[in-house]
Amino acid sequence: NTFVDMENTLESVKDEIDNKLFLYQTPAFQWIPSSVYRYDDFRESLNIMATEGVAGKKFYIGEPAVENGHVYGLVNIAAFLAQSMKETIQYDACDENSWDLVGGKYPLSNACGQLGQSYQDYHCSPEEAHMECPVDPDMSIVGVTHAKWYGAPGPMFCGPKTEEQPFSGFWDYNYECNKGWANPPESCDVYEDQKAGRYDHSIAYANTAGRTDVEGCCFWGRGVIQTSGVCNFGKLNYFLGAGAKKDGRPARYPQVDFCKDPEVICATSEYKELKWIAGEFYWLESVQSYNEGGWDYTTELRKFVDEGMTGTGFIDGVSGIVNRGCHNPPCGTGALDGGMERAENFKKVLDVFFGGTPPQVGPSTAALTTAGSGSGSGSSSSVTSLNTGSGASEKWYPDYNAQFSLGKCVNEAPAPSGRPSYDTGDECCQRAYASQASGACLNSLPEVVPSPPSGTSPGTPSVPGPSPQMPRPTRQPVSPTSEAGMIISSNTFVDMENTLESVKDEIDNKLFLYQTPAFQWIPSSVYRYDDFRESLNIMATEGVAGKKFYIGEPAVENGHVYGLVNIAAFLAQSMKETIQYDACDENSWDLVGGKYPLSNACGQLGQSYQDYHCSPEEAHMECPVDPDMSIVGVTHAKWYGAPGPMFCGPKTEEQPFSGFWDYNYECNKGWANPPESCDVYEDQKAGRYDHSIAYANTAGRTDVEGCCFWGRGVIQTSGVCNFGKLNYFLGAGAKKDGRPARYPQVDFCKDPEVICATSEYKELKWIAGEFYWLESVQSYNEGGWDYTTELRKFVDEGMTGTGFIDGVSGIVNRGCHNPPCGTGALDGGMERAENFKKVLDVFFGGTPPQVGPSTAALTTAGSGSGSGSSSSVTSLNTGSGASEKWYPDYNAQFSLGKCVNEAPAPSGRPSYDTGDECCQRAYASQASGACLNSLPEVVPSPPSGTSPGTPSVPGPSPQMPRPTRQPVSPTSEAGMIISSNTFVDME
């Protein structure tokens with residue numbers, strides 16, 4: 001239970017860990033998610049160190065014999081992360097940065113040690129001396145991470161002295177390296193995004209310890225708590241790596257030699273948990289086992305928890321151990337550095353883990369007293385006691401304050417139309433204000449004092465049960481014989497899925513990037529691979545209204561490649577439309593008269609989203625416009641003074657019009673009386689909503705009543721028709737009509753913001769865009785340009801040129817494949833094409849697999865037949881210009897497509913032994929029957945040995961051998977396992 005409870009807590013807040021704790025500060029002083037330290041790698045390391053450990057020591061996860069004993073373990077984790085956030089995460093560094101400035105320069109020999117240290121002389125104790133790494137003077141290593149400020153030193157490196165270079169120099173951070181005008185031109189090429197600086201090897205330059213070379217200096221700090229020195233790396237190797245294997249002892253990483261390649265901790269993509277394990281190993285060795293001067297780590301941790309987790313005494317002691325080697329600095333190397341910051345980190349982690357209210361550990365007098373109080377007459381249940389009286393509602397709903405940081409949940413009656421509602425205030429805050437850093441919502445809730453359970457006498461202590469947990473949505477079991485089950489088991493789906501899974505880290509860290517105000521490209525916090533994969537699984541297997549996301553051709557060798565190209569085209573557009581801005585809600589960007597009208601929520605560039613109606617035959621699907629609906633977006637632009645999130649709401653007597661966003665307004669005025677701060681959104685630097693005058697958008701609108709249908713999701717779904725269709729096919733609209741609904745509790749008409757705000761269905765921001773893709777792109781067939789045909793042609797002809805993606809970009813951006821059309825010329829065509837190439841390169845590594853047999857292969861297979869005799873099949877292929885194989889003609893109009901056997905067969909087309917097989921495979925869903933009807937009638941010759949006229953029984957058409965996952969009976973043992981919640985959840 002201890003491990004499971006600990007794991008469940010971490011899993012429930014993993015997004016907050018990645019997006020609120022594992023942050024680093026950019027040169028523009030923004031705090032953004034680290035690209036080096038991610039939750040998944042941390043969890044993998046914790047699993048290893050808590051269950052296997054090192055040399056009999058394990059990472060402490062709590063007390064199994066105590067109720068909620070996992071809380072002790074979580075506090076241990078919090079202390080570890082608080083130090084890690086200070087030591088490395090805030091710098092996004094795995095390798096030690098060069099930071100010891102000597103005489104205005106950064107010595108390259110800082111790799112040997114900073115502040116007078118010498119890492120290669122950090123030896124083990126005599127009894128452990130056999131574990132340490134030998135110093136190899138010929139070893140050469142270059143770090144993979146470094147500081148990121150303007151002119152920051154390049155990565156540390158080590159290497160032998162040579163006749164040509166007998167000494168090491170310095171890093172000159174003032175050097176201007178981008179000189180395109182010079183002859184020859186010069187560029188900054190030490191590391192990516194370098195703006196200035198260079199290695200200068202012209203003179204010997206000593207570090208603080210006097211070292212002027214980097215020979216053998218390969219043991220600088222690495223990993224989350226900067227493991228350094230020959231002893232520490234030697235111990236890692238002795239217990240976990242090649243050293244253990246060499247001695248015949250169990251080794252977690254037998255192929256990893258931490259002595260010969262200490263950089264593996266930072267450089268490996270195979271064992272990304274190592275950067276955490278190195279720090280956790282230190283934690284076992286030096287922190288968990290600390291017991292000096294009457295201060296025992298485990299005792300102090302338990303005391304801190306048992307006494308209600310107050311004060312900073314415990315974390316200050318831990319910080320002293322980590323930073324100075326003792327619990328009560330100054331000691332050893334000096335006074336504690338960054339004590340307040342470490343304590344603040346600790347509080348942040350605890351707040352994320354426990355939401356400000358840690359669970360009670362073991363029996364507590366205070367808890368029992370509270371549980372047993374209120375025994376007098378007139379007591380009522382804790383929930384209804386809050387809701388009695390005039391003006392109270394049974395449901396809680398968000399107030400949608402225009403200032404997100406001040407938003408809270410209320411239960412005042414009557415509840416406004418269109419608001420999502422929840423059973424408790426706590427649930428409302430966790431759903432509607434999930435990312436609210438201020439905590440205003442949760443802090444505004446009344447304290448609940450439950451009455452004693454029915455049947456207990458006054459004063460009888462009641463044992464508090466666990467806090468109610470939100471039900472967590474799981475992927476429902478799929479019958480192997482259902483349509484979705486058949487798709488999931490198909491080679492096409494499996495091959496597509498395997499390809500995506502093999503490059504998921506590259507998708508997150510190379511494709512799903514946004515540009516910060518400091519012009520850095522970093523991983524998006526809104527769009528992540530896991531949510532995309534969940535959406536793709538739904539839309540490829542279930543789809544909407546009979547349409548599914550195209551994943552390829554099941555009857556073609558490597559037919560999944562067609563599907564991957566479809567995905568690549570979709571992602572290329574998504575990267576341009578939203579991912580590069582890290583936006584789910586539409587940003588306000590239409591500048592009118594130097595200001596941003598708040599009525600941009602109604603539509604930008606003269607549009608009116610609430611007037612985007614469906615066609616007459618689909619009019620019953622669209623959302624009604626509710627003038628009383630109030631909604632505030634959750635994302636917005638991030639530049640200095642950027643407009644706050646869009647919002648909608650009714651006109652009132654006090655505010656009959658909408659104003660503008662003044663991006664020039666200076667809102668941080670601590671000196672004013674009263675003081676003023678920027679509080680519309682987190683990290684706001686300037687700007688404010690100005691409601692003093694009516695200010696019109698491009699279309700002339702001066703209010704935001706009913707203007708709740710701005711763009712949302714990865715391809716900015718907008719308008720009453722599109723949200724209505726989502727609701728009609730996927731949401732509450734389908735449930736209301738008694739039709740199957742993927743999201744029966746979600747009303748996209750009453751709460752369109754659910755696409756961006758939900759933490760329960762994070763795939764919705766993708767599904768909204770994929771639904772558009774099914775409706776408008778995959779089905780596009782205009783002016784002789786058919787999407788599916790052009791996609792297949794692009795793949796079959798070797799994926800060259802930009803004609804296909806330019807056509808797709810035109811459809812998405814302007815509504816036609818050959819702009820200018822409709823609303824004008826194509827916007828960002830080159831960028832969209834570059835995105836497409838980036839995705840294809842990630843998917844295929846620059847070399848896409850061959851799809852279907854090539855012409856050369858067919859010629860080889862059919863050549864040299866000797867006598868030239870052929871079967872009844874080849875009898876159809878005789879004569880000039882005939883091929884032995886049949887292939888689809890890929891007619892631009894699918895309904896007219898047929899199979900032919902004309903020679904030469906085009907390169908890359910799938911081929912079949914018979915025309916009948918070709919039609920059944922390539923045009924399986926063709927309702928017109930054009931393919932089968934076009935085939936010549938086959939009159940087979942009689943089998944050898946039969947007299948003319950004797951009927952022969954035709955055998956089945958030859959089938960391509962395909963290794964598929966065989967169908968499983970739902971009632972078999974395997975079927976029962978596959979359909980079980982356990983298997984589905986693991987999967």
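**A walk through selected sites of the model**

T357 is found in the loop between α11 (339-354) and α12 (365-372). The structure described here is a predicted model. T357 has a relative accessibility of 61% and therefore counts as exposed, since the cut-off for that class is over 50%. In sequence T357 and G308 are 49 residues apart, while their C-alpha atoms are 9.8 Å apart in space.

A helix pair comes next. Two packed helices are described by the angle between their axes and the distance between the axes. Helix α4 (residues 70-87) and helix α9 (residues 297-306) have axes that come within 10 Å and cross at roughly 110°. That angle makes α4 roughly perpendicular to α9, because the class runs from 65 to 115 degrees. The crossing in which α4 passes α9 is right-handed. On the α4 side the residues that meet α9 are V71, Y72, V75, N76 and A79; on the α9 side they are Y297, L301, R302, F304, V305 and D306. Sorted by class, this contact has 8 nonpolar, 1 polar and 2 charged residues.

The aromatic rings are another feature to follow. The structure holds 54 aromatic pairs. One of them is formed by F170 and Y205, whose ring centres are 5.3 Å apart and whose planes stand at 55°, so this pair is tilted. F170 lies in strand β6 (residues 170-172), and Y205 lies in the loop between β7 (198-200) and α5 (229-240), so the pair ties together parts that are 35 residues apart in sequence. Both F170 and Y205 are buried. In the pair of Y780 and W785, the ring centres are 6.1 Å apart and the planes are at 70°, so the pair is edge-to-face; the cut-off for that label is over 60 degrees. Y780 and W785 are buried too.

The last stop is a cysteine. C899 is in strand β22 (residues 899-902). Is C899 buried or exposed? C899 has a relative accessible area of 3% and is therefore buried, because buried means under 20%. P888 is 11 residues from C899 in sequence, and the two C-alpha atoms are 4.3 Å apart in space. Which residues is C899 in contact with, leaving aside its neighbours within four places in sequence? They are W886, Y887 and P888, then G915, C918, C919 and Y923, and also C931 and L935.

Terms used. Residues numbered from 1 in each chain as written. Predicted model: local features only at pLDDT ≥ 70, side-chain atom pairs only at ≥ 80, totals over all residues. Heavy atoms only, no water. Axes fitted to C-alpha atoms, helices over the stretch in contact; angles between N-to-C directions. Helix = DSSP H or I, 4+ residues; strand = E, 2+ residues; numbered from the N terminus. Parallel < 35°, antiparallel > 145°, perpendicular 65-115°, else oblique. Left-handed = near helix turned anticlockwise from the far one by under 90°. Contact = heavy atoms within 4.5 Å. Nonpolar A, V, L, I, M, F, W, Y, C, P; charged D, E, K, R; others polar. Phe/Tyr/Trp six-rings, centres within 6.5 Å; stacked < 30°, edge-to-face > 60°. Buried < 20%, exposed > 50% of the residue type's maximum accessible area, 1.4 Å probe, protein only.
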